[in-house]
Amino acid sequence: MLDALRRHAARFAGYTELRWQTNRGQRIGMRRGTLLTNTSGRSSGVSARCWRDGVFGFAARPDGDDATIARVLADAADNADLKGTGTGRAGGPLPDAGAGSGAYDYRTARPTLSPAERIDIVRRLDAYVGERYPGLVNFDVALNTLSMEKALVTS
C-alpha cells in the first residue's frame, strides 16, 4: 500500500499527509466446551490532511483504491481552502522540520496460527479451567486478536 500512496504524492501541493490503515481482528469465545463466538473482521481507510494559508483541511474515506485516494486528497485540499476563507488568518508556512524518511516493519517472525489452531488453544484453556476449578458455576474463555497495518506519506 505504501507504493500506492507514494504514487499519489506527486500531486501534493504544499504540506500534505496521506495515511492508510487496515485493522484485522478475530474473537473466539467458549463456555464449558461450547464455542459461542467465532468472528473475524477487517476495516480499512485512507485519510489526508493538507495545510493551506494557515489552516489544515482533513478528509477520510473507507477503502483505499486509487480513485478513493485521489478523492480524499482533493477533499482535504478543498476543506482547507474552505476553512481558510474569511478567517482573517495571516497564513504562512509551517515551521521547517527537515526531511526524514523511514520504513519500519514490526511483524513477528512467528508463523500465523490458523483459525483451527486458535480454537484448539481456547478449547484447551477451557478444559484446563474446568478441570482445575470444578466448583465454578460458569466461566468463559475468550481469545481476541487485533493486527494493524499502516502507511504514511508526507510532502
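Is Y104 buried or exposed? Y104 counts as exposed, at 64% relative accessibility, where buried means under 20% relative accessible area, exposed over 50% and partly exposed in between (1.4 Å probe, protein chains only).

A word on the ground rules: this is a predicted model, in which local features need pLDDT of at least 70 and side-chain atom pairs count only at pLDDT 80 or more, while totals for chains, interfaces and linings use all residues. Residues are numbered from 1 along each chain as its sequence is written, and side-chain values use heavy atoms, with hydrogens and water left out.

Now to the rings. Searching the whole structure turns up three aromatic pairs. Rings of Phe, Tyr and Trp (its six-membered ring) pair if their centres lie within 6.5 Å; planes under 30 degrees apart count as stacked, over 60 as edge-to-face and the rest as tilted. Here are two of the pairs:

| Pair | Centre to centre | Angle between planes | Type |
|---|---|---|---|
| W51 and F56 | 4.9 Å | 70° | edge-to-face |
| Y104 and Y106 | 6.5 Å | 10° | stacked |

Like Y104, Y106 is exposed, with a relative accessible area of 74%. W51 is buried at 18%, whereas F56 is partly exposed at 22%. Ring pairs also bring Y15 into a cluster with W51 and F56.
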